[in-house]
Amino acid sequence: MLLFSLGGAAQAETAEASVGATSPVPRTVAVISAIGDRITIVRQREQTGTHLAPYTRKEVRLDPVTLNRLVLDGIDEGFKQSEPQTRRVLLDWLPPEEAMAYVDEKRYVQREERLESLLIEHLRAVPERGQWDEIVAVLPKWHMSSVKGMGERLAGIGIYIQPLARERYTGLESSGNGDLSLQAEGQADGDYQTIDPKTGEKGASSVFVAVYMYFQTVTLDARTLAVKKREVRRDSVRYHDPNSTAINIGRMFDSGFLSQALSNVVQRSSERAVTGDVIVSPARKVDTPAETPKP
């Protein structure tokens, strides 16, 4: 486990020395990232009347330190903006392989419950928590249904590729022989806001490549480890290049761009988990030691 302190500790000590014991002691919050060591690449596929799921999924393992640092940097920046006097202790954590195998035996909500239980067990053995006021834990969060045009059953950090244009159905129409069929009204482009990464301009397309972060922050009492607050966030940014000539939508953007876009959404989502705002922006340059493979 990596542990390091940031925030107003040094300033608080100086203030106490100058004005005496009447100065309030700054609140100490430990932030621990358990976002994991993997991203998921999910791609929509055409349904052909089979019972197969309409998505393919591939997990890619990355350096867990890289992912955790992005989360911690974002949370720390959020505290700098909203509670700059707070002393932050930043922790990252990855369960050992045998523990992760125990977590991976389950799916969806049960998987979340096992991971959270392992985290609580880990925190019980951390003696430093007696000096903290709160612990803010960041964990992946499953969402089973589609949100804002995104795919189903997404969790954690990942890339979602939607190569198939969607149609908006306005009702039923008669075919003239007594049969009823769905009446389509073109593509539902207006339902999905996208960003042109070359210009930063907003557009609307139901064909896109998106980066996402679906997670929860769990605020614990540092001494008792009782849950004080639980908040869920589902953030995503959808990209579409209207001038791209790529036949394979998944190749519309290279791995360098996707790495930057992922870093951006992770840091900004983590930051807004503290400040409470949602800001969608194009990918910006972020130095990341690990490269995301091409979808």
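Residues are numbered from 1 along each chain as its sequence is written. Because the model is predicted, local features need pLDDT of at least 70 and side-chain atom pairs count only at pLDDT 80 or more, while totals for chains, interfaces and linings use all residues; side-chain values use heavy atoms, with hydrogens and water left out.

**Exercise 1. Aromatic rings**

Find how many aromatic pairs the whole structure holds, then classify the pair Phe 253 and Phe 257.

Solution. 
- Start with the rule: rings of Phe, Tyr and Trp (its six-membered ring) pair if their centres lie within 6.5 Å, and planes under 30 degrees apart count as stacked, over 60 as edge-to-face and the rest as tilted.
- A search of the whole structure with this rule gives six aromatic pairs.
- For Phe 253 and Phe 257, the ring centres are 5.0 Å apart and the planes stand at 35 degrees, so this pair is tilted.
- Both Phe 253 and Phe 257 are buried (buried means under 20% relative accessible area, exposed over 50%, partly exposed in between, with a 1.4 Å probe and protein chains only).
- Elsewhere, Tyr 55, Tyr 160 and Phe 208 make up one aromatic cluster.
- Arg 238 lies over the face of Phe 208, 5.9 Å from the ring centre (the test asks for NZ of Lys or CZ of Arg within 6 Å of the ring centre and within 35 degrees of the ring normal).

**Exercise 2. Two helices**

Describe how helix H2 packs with helix H5.

Solution. 
- Helices (H or I, at least four residues) and strands (E, at least two) are DSSP runs, numbered from the N terminus.
- H2 covers residues 64-82 and H5 covers residues 255-275; they pack at an angle of about 35 degrees, with axes 7 Å apart (axes are lines fitted to C-alpha atoms, for helices over the stretch in contact, and angles run from 0 to 180 degrees between N-to-C directions).

**Exercise 3. Two residues compared**

Are Gln 131 and Ser 269 buried or exposed, and what do they touch?

Solution. 
- Gln 131 sits in the loop between helix H4 (108-124) and strand E6 (134-140).
- Its relative accessible area is 61%, so Gln 131 is exposed.
- Beyond neighbours within four places in sequence, Gln 131 is in contact with Thr 28 and Arg 223 (contact means heavy atoms within 4.5 Å).
- Ser 269 belongs to helix H5.
- With a relative accessible area of 3%, Ser 269 is buried.
- Not counting residues up to four places away in sequence, Ser 269 touches Met 213, Phe 215, Arg 233 and Asp 235.
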